[in-house]
Structures are given as C-alpha cells and as structure tokens.
Amino acid sequence: MTRINEYKMQLFLVLAGLVFCMFFALYYLDTVPLLMLLFGVQVLWLMKINKQKKLLMNFTKGKDYLINGHYQQAIRYLEQFIEEAKSNKDIARASNIPLGVYTRNAVAMAYNNIGIAYMGLLDYPEGKDALHTALEFDGEYAVPYYNLAAIAYIEHDEGHLSIYMDRLQRLGVDVDLEKIKERSKLFKENRIAQKGDAE
C-alpha cells in the first residue's frame with residue numbers, strides 16, 4: 001500500500017470513528033449531558049485551531065498570496081514561516097499537519113508552494129531548487145514531483161519528465177501526460193501573457 005492510500009485510509013477511519021462516536025453519544029446520552037459533551041469538544045477544538053492558526057500564520061498568509069497570484073509576497077511569507085519553524089519547536093510540531101493526504105509536513109508544503117510561486121514568476125531554476133528542497137523534507141511527497149514534471153514538460157526535458165512521472169506512479173498518483181500538460185499550460189499561458197505585456 002502506498003503512503004497516499006495509507007493516509008487516505010487513516011482519514012477515512014478518523015471520520016468513521018467520529019461518526020460512530022456521535023451516534024453512540026446520541027443513543028446512550030440524555031440531551032443535557034450530550035449538549036455539554038458537544039460544547040466541551042467544540043471549546044477544546046476551537047482552542048486547538050486558534051493555537052494552530054497563530055503558529056502557522058505566515059504559512060497561511062503565504063498560501064493565500066499564492067492562490068491570488070501575488071508570488072513575491074507568497075515567497076516572502078513562506079520563507080518567514082520556514083525560518084520560524086527552524087527556531088521554534090512549537091511551530092515545528094504544529095507544522096506536522098495531521099490527516100494530510102500527500103504530506104503532513106508543512107515545511108515541505110511551504111517549499112513546494114515557494115516552487116509554485118517561482119513557476120508563476122517563470123523562474124524555473126529557483127522553482128526546481130525549492131521543489132527539490134521540499135523533497136528533502138519529505139521524499140514521498142508527491143506534489144513536488146508533479147510540479148517538477150510540469151517544469152520538465154515546459155522545458156522539453158523528456159528525460160526528467162519520464163523520471164518524475166514514473167516516481168508519481170510509484171507513489172500511487174494516477175497521472176498521465178495530459179494532466180502534466182494541463183498543469184504546465186497555466187505557466188506557459190502566463191509566459192505568453194507576460195511576453196505580450198512586455199511588447
């Protein structure tokens with residue numbers, strides 16, 4: 001079983017366990033104790049989420065900037081998060097995001113997102129460096145291989161494209177050349193748009 005399938009199974013088991021506990025509580029508890037239990041769980045959950053939000057604030061900001069196409073700002077905040085994770089044990093622990101499907105290491109995710117930001121800036125060498133660094137933190141993280149394959153397609157590097165696609169399949173990702181083309185098209189179209197603006 002690949003790690004991706006193992007993580008998906010763990011997520012399914014956690015969700016199934018929560019559903020079972022809810023039905024068990026509904027069946028065996030009276031209304032007042034049930035409401036007290038649900039309130040207590042919600043308070044504890046909100047406390048944990050708020051602590052996690054504070055610790056991962058720069059990661060979240062960087063991801064938001066990336067989604068909105070503000071690549072320089074995304075890189076800045078993601079690099080700040082990585083520096084914080086190096087020096088703060090609480091952030092390093094919080095960065096192990098539970099129940100992730102592809103990775104549970106937010107530092108690896110941050111480097112992958114930095115790689116995507118550099119792809120958006122059409123700086124493929126820096127993008128590749130960031131994606132390879134993500135893999136140093138988690139060698140079984142499939143998403144950087146996907147992005148590396150997109151860069152290899154853009155650069156007409158058939159040797160590396162084949163290597164990355166093979167690696168993705170070994171990791172349990174259903175991938176074909178059409179999906180890689182679709183991914184790379186986002187950045188190729190961006191290049192065309194930028195060339196048009198420059199002219």
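**Entry 1: starting point**

I started at I114, which lies in helix α6. Helices here are DSSP runs of H or I with at least four residues, strands are E runs of at least two, and both are numbered from the N terminus. I noted that this is a predicted model, where local features need pLDDT of at least 70 and side-chain atom pairs count only at pLDDT 80 or more, while totals for chains, interfaces and linings use all residues. Residues are numbered from 1 along each chain as its sequence is written, and side-chain values use heavy atoms, with hydrogens and water left out.

Is I114 buried or exposed? I114 has 3% relative accessibility, so I logged I114 as buried. The scale I used: buried is under 20% relative accessible area, exposed is over 50%, and partly exposed is in between, with a 1.4 Å probe and protein chains only.

Next I looked up who touches I114. Ignoring neighbours within four places in sequence, I found contacts with I75, L78, E79, I82 and A130; contact means heavy atoms within 4.5 Å. I75 is 39 residues away from I114 along the chain, yet their C-alpha atoms are separated by 5.4 Å.

**Entry 2: the whole chain**

I zoomed out for a moment. I counted 10 helices and 0 strands in the protein. Buried residues are 35% of the 199 residues. Of the contacts with a separation of 6 or more, 61% are between residues 24 or more positions apart.

**Entry 3: α6 against α7**

Back to the helix that holds I114. I checked α6 against α7: their axes come within 7 Å and cross at roughly 170°. The axes are lines fitted to C-alpha atoms, for helices over the stretch in contact, and the angles run from 0 to 180 degrees between N-to-C directions. That angle makes α6 roughly antiparallel to α7. For the wording, under 35 degrees is roughly parallel, over 145 roughly antiparallel, 65 to 115 roughly perpendicular, and the rest oblique.

The crossing of α6 and α7 is left-handed, meaning the near helix is turned anticlockwise from the far one by less than a right angle (clockwise would be right-handed).

Which residues meet there? From α6 I wrote down V107, A108, Y111, N112, I114, G115, Y118 and M119, and from α7 Y124, E126, G127, A130, L131, T133, A134 and F137. Sorted by class, this contact has 11 nonpolar, 4 polar and 1 charged residues. In this sorting Ala, Val, Leu, Ile, Met, Phe, Trp, Tyr, Cys and Pro are nonpolar, Asp, Glu, Lys and Arg are charged, and the others, Gly among them, are polar.

I also looked at the loop between α6 and α7, where L122 lies. L122 has a phi near 65°, a positive value in a residue other than glycine. L122 is partly exposed, at 21% relative accessible area.

**Entry 4: α7 against α8**

Helix α7 (residues 124–137) packs against helix α8 (residues 142–154) at about 155°, with the axes 9 Å apart. That makes α7 roughly antiparallel to α8, and this crossing is left-handed. On the α7 side the contact uses Y124, G127, K128, L131, H132, A134 and L135; on the α8 side, P144, Y145, N147, L148, I151 and I154. The classes come out as 9 nonpolar, 3 polar and 1 charged.

**Entry 5: rings**

I looked for aromatic pairs, taking rings of Phe, Tyr and Trp (its six-membered ring) with centres within 6.5 Å; planes under 30 degrees apart are stacked, over 60 edge-to-face, and the rest tilted. I got 4 aromatic pairs.

One of them is Y111 with F137: the centres are 5.6 Å apart and the planes at 25°, so I filed the pair as stacked. Y111 is in α6 and F137 in α7, so the pair ties together parts 26 residues apart in sequence. Y111 is buried at 16%, whereas F137 is partly exposed at 41%.

I also noted Y145 and Y164, a tilted pair with 6.3 Å centre to centre and 45° between the planes. Y145 sits in α8 and Y164 in helix α9 (residues 158–170), 19 residues apart. Both tyrosines, Y145 and Y164, are buried.

My last stop was H156, in the loop between α8 and α9. H156 has a positive phi near 60° and is not a glycine. With 69% relative accessibility, H156 goes down as exposed.
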